[in-house]
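Notes follow as I go.

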Amino acid sequence: MTPNDQHNLDDIVKNCVKGDRKAQQELYKIFYGKMMGVCYRYTNNTEDAKDVLQDGFVKVYRNLKKYTFKGSLEGWIRRIMVNTAIDHFRKHKDVFFVDDEEGYILENSKVESADSIYSQFGESVIMEAIQSLSPAYKAVFNLNVIEGYQHKEIAEKLGISEGTSKSNLAKAKQNLRQQLLKQEARINNG
């Protein structure tokens with residue numbers, strides 16, 4: 001981003017804080033694609049992702065006056081989108097999560113070998129595999145692997161136990177590995 005682009009973005013933010021609808025539309029256009037991708041990772045379909053995105057942008061506009069112009073605006077907006085997606089899961093937690101603390105957790109060596117298969121596929125194939133995970137597995141996978149949250153933080157955010165978070169991540173990785181191995185077999189068999 002050039003200094004001129006940053007200056008324009010700062011002006012857009014300042015005008016959004018003043019309630020300027022054109023500036024709000026401009027901010028939305030600038031970040032729509034990236035934030036839609038973030039929201040889609042946490043939802044089951046495009047319509048749910050759009051709902052989370054809309055709710056997220058309402059929160060962005062409402063809280064933009066708190067943005068201090070220190071750090072990345074994109075990162076600040078992304079955090080709001082992730083938290084909005086988490087709120088979505090909290091509302092539907094009973095549907096998505098099964099308390100699995102006593103369930104199995106894969107051995108570390110199996111989980112590590114599951115990670116190595118990701119490097120063999122393009123981003124679109126991996127994203128498609130992630131989208132096919134159950135909502136609970138997808139949420140924990142995204143929060144841990146993509147956003148970098150620890151299991152304790154995930155448990156607090158989603159209202160589940162740490163053990164359930166760990167178990168869901170292990171099962172998500174196992175499911176992803178199985179899907180990618182099937183994809184690899186289809187490619188090799190022509």
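This is a predicted model: local features need pLDDT of at least 70, side-chain atom pairs count only at pLDDT 80 or more; totals for chains, interfaces and linings use all residues.

**Ring notes**

I started with Trp76, which is buried at a relative accessible area of 14%.

Next I looked up the partner ring. Tyr67 and Trp76 have ring centres 5.5 Å apart and planes at 55°, so I logged the pair as tilted. Tyr67 is buried too, with a relative accessible area of 8%.

Then I wanted the total: how many aromatic pairs does the structure hold? I got five. One of them is Tyr28 with Phe57, at 4.8 Å centre to centre and 55° between the planes, again a tilted arrangement. I checked where the two sit: Tyr28 is in helix H2 (residues 21-42) and Phe57 is in helix H3 (residues 46-63), so this pair ties together parts 29 residues apart in sequence.

Are these two buried or exposed? Phe57 is buried, with a relative accessible area of 2%. Tyr28 comes out at 24% relative accessibility, so I put it down as partly exposed; the buried label needs under 20%.

Last entry, a charge and a ring. I found the charged end of Lys14 sitting over the ring of Phe69, 5.7 Å from the ring centre.

Notes:
Residues are numbered from 1 along each chain as its sequence is written. Side-chain values use heavy atoms; hydrogens and water are left out. Rings of Phe, Tyr and Trp (its six-membered ring) pair if their centres lie within 6.5 Å; planes under 30 degrees apart count as stacked, over 60 as edge-to-face and the rest as tilted. Helices (H or I, at least four residues) and strands (E, at least two) are DSSP runs, numbered from the N terminus. Buried means under 20% relative accessible area, exposed over 50%, partly exposed in between (1.4 Å probe, protein chains only). A charge sits over a ring if NZ of Lys or CZ of Arg is within 6 Å of the ring centre and within 35 degrees of the ring normal.
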